[in-house]
Amino acid sequence: MSGYLTGVLVTLCFNIIAAYAVYLPMAAGQLNLGIAGFMAIGAYAAAFLTNEMGWSIWPAVAVGSASSCIIGLVIGIPVLRTHGIYLAMATFALGQVIAAVFLNLEVVGGAAGYPVASYAAPAVIFMATAGVMLFVMLLSTTRFALYLTSVKSDSTVSDLMGISVRSIQAAAFAIGAAIAGFGGALYGHSYNFIEAQHFNVMLSVFPVLFVLFGGTQTVFGPLVGAMFFTLAPELLRASAEWRYAIFAFFIIVFMAVRPQGLITTSLFAAFRKRPNGGKV
Amino acid sequence: MLTQQIVNGLMLSAIYMLVAVAFTLAIGVLNFLNFSIPGLFMIGGMVAFGGLRLGLPWPLAFGGALGAAALIALAVERFAYRPMQGSDPETPLVSSLGFLVLLENLMLVRFGSDQQSFPALLADMNLRFGGLVIGIAQLISMALSVLLVVWLSWFLSRTNTGRQIRTVAESRETALLMGVNMGTLVPRLFVGSALLASSAGLLFAVNYQQVSPFMGEGVGFKGVAAMIVGGMGSIWGAVLGGLLIGLVEVLTISTVGANFVNISAYGLLLLILILRPQGLIGQPPSREKL
């Protein structure tokens with residue numbers, strides 16, 4: 001595999017992980033615009049453990065992911081009191097504050113950035129990404145996924161049916177934070193350098209685009225969205241400086257034509273029904 | 001020294017205020033978090049810069065910038081807002097962000113990614129009161145933004161169109177039943193919001209004398225913060241929020257340093273959202289937004 005291809009695939013992996021980190025809260029109706037903050041927590045926590053404490057990568061990544069999850073739970077409980085756009089903006093502010101805190105934390109290099117000594121090979125990243133995908137897909141076959149959908153569709157009815165809406169929401173938010181922290185922790189060890197400026201608004205917003213573009217109705221939407229957003233600009237490389245403009249143009253046209261996202265449940269139904277010749 | 005900082009903060013506040021009002025028009029009336037507004041802000045500055053570089057006189061360059069923003073807003077309405085009616089409430093976000101990326105990259109292709117210096121239109125004229133320095137450009141921009149907001153508030157509360165807009169904000173269905181022509185009102189709202197955002201961009205360019213394809217991002221997101229701090233959907237809330245965020249930003253820079261700006265500005269936003277989600281002078285939401 002050429003270096004270029006490996007590089008693109010590693011980027012793709014981080015985008016897929018980020019997309020699933022956004023997907024889980026969104027399946028419960030929460031728009032998380034602060035995912036970069038949780039990636040930063042995972043990245044810095046894991047890097048600190050391997051650098052200063054001499055831990056090996058896997059336990060450090062696990063602790064990084066867990067700390068992101070715990071912070072997501074602790075901050076999520078007050079933040080989840082808000083709904084809709086307010087929740088989106090609260091997570092947005094949260095992401096910005098977390099990144100700014102790391103920018104000023106001199107223990108981990110502050111504004112100068114933080115070199116990470118241990119290295120995670122691309123093969124490790126590929127495996128970890130497959131693991132995250134498997135985890136979310138398994139989760140989507142459990143009752144938990146049903147709870148998420150019901151909370152998203154109508155939280156009042158879910159409450160009446162005996163689902164604890166608050167704890168389902170908090171759980172979805174925290175699992176999303178854990179996945180983001182996991183991705184961040186691996187990111188630091190894959191590129192051997194992290195800086196707070198990397199975890200900016202756009203890093204939070206793009207995964208949301210992946211998910212909405214791919215479609216939120218099925219578990220495959222985020223995967224397809226992340227693949228499109230990572231690979232399409234690479235394929236457009238021929239028209240070097242115009243590629244992002246063309247790419248953005250595609251997004252606009254595409255969303256106007258298919259507002260529900262690329263992969264929808266009706267698409268699956270159409271495939272399933274076809275052998276019978278029946279209508280959808 | 002402190003008063004000087006406050007004067008500088010007020011200038012920044014005026015810009016945030018206009019952007020926040022642009023956002024609040026879209027969200028308060030149409031329930032649409034229009035992420036193309038930072039792009040329109042940038043268009044205000046960049047197109048004016050391009051026009052001046054071509055040797056156009058400034059009224060033409062400025063008019064061109066505002067016109068371009070208005071046209072783009074119509075395209076946003078047509079391709080990002082209208083097809084999304086009846087789908088997931090988050091989806092218009094994607095296409096409006098698509099417009100932001102598109103605009104930024106079109107400008108990037110044309111002008112490059114570097115910061116360009118915007119020509120000084122009013123030769124370095126400053127008013128001095130004791131130790132206090134106030135630029136003429138600063139003063140004019142502040143006056144202009146305050147005038148715009150006062151006019152808009154008058155327009156919304158006194159004119160027939162204003163009444164229609166307020167009806168739509170209250171209930172879309174009722175407005176339709178009452179004979180409000182949504183087909184023309186919504187595009188006009190988009191244009192109004194775009195004009196506010198691009199004039200903010202123009203004022204930014206004139207005052208800070210620099211433009212870049214990415215100038216909209218930082219200011220745009222602070223504008224969203226200002227809108228929410230003050231209270232979403234309320235014009236005077238956006239004004240108050242803009243003032244607070246601008247002052248907090250400048251005072252943070254002058255006391256602890258530029259790296260702390262995001263902690264204080266967005267920390268304030270987070271605190272408000274947790275303690276008083278409807279914003280400082282906003283009404284509690286009667287229905288789910290977004």
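Guide: Contact here means heavy atoms within 4.5 Å. This is a predicted model, in which local features need pLDDT of at least 70 and side-chain atom pairs count only at pLDDT 80 or more, while totals for chains, interfaces and linings use all residues. Residues are numbered from 1 along each chain, and chains are lettered from A in the order in which they are written.

Visitor: How many residues does the contact take from chain B and from chain A?

Guide: By that cut-off, the contact takes 42 residues from chain B and 41 residues from chain A. Helix 4 (91-111), helix 9 (215-230) and helix 11 of chain B each give two or more residues to the side that touches chain A, and helix 4 of chain B gives the most, with 13 residues; helices are DSSP runs (H or I, at least four residues), numbered from the N terminus.

Visitor: What makes the count of salt bridges between chain B and chain A what it is?

Guide: A salt bridge needs a side-chain nitrogen of Lys or Arg within 4 Å of a carboxyl oxygen of Asp or Glu, and the count between chain B and chain A is 0.

Visitor: Why is B:Ile281 called partly exposed?

Guide: Buried means under 20% relative accessible area and exposed over 50%, with partly exposed in between (1.4 Å probe, protein chains only); B:Ile281 has 44% relative accessibility, and therefore counts as partly exposed. B:Ile281 is found in the segment after helix 11 (261-275) of chain B.

How values were computed: Side-chain values use heavy atoms; hydrogens and water are left out.
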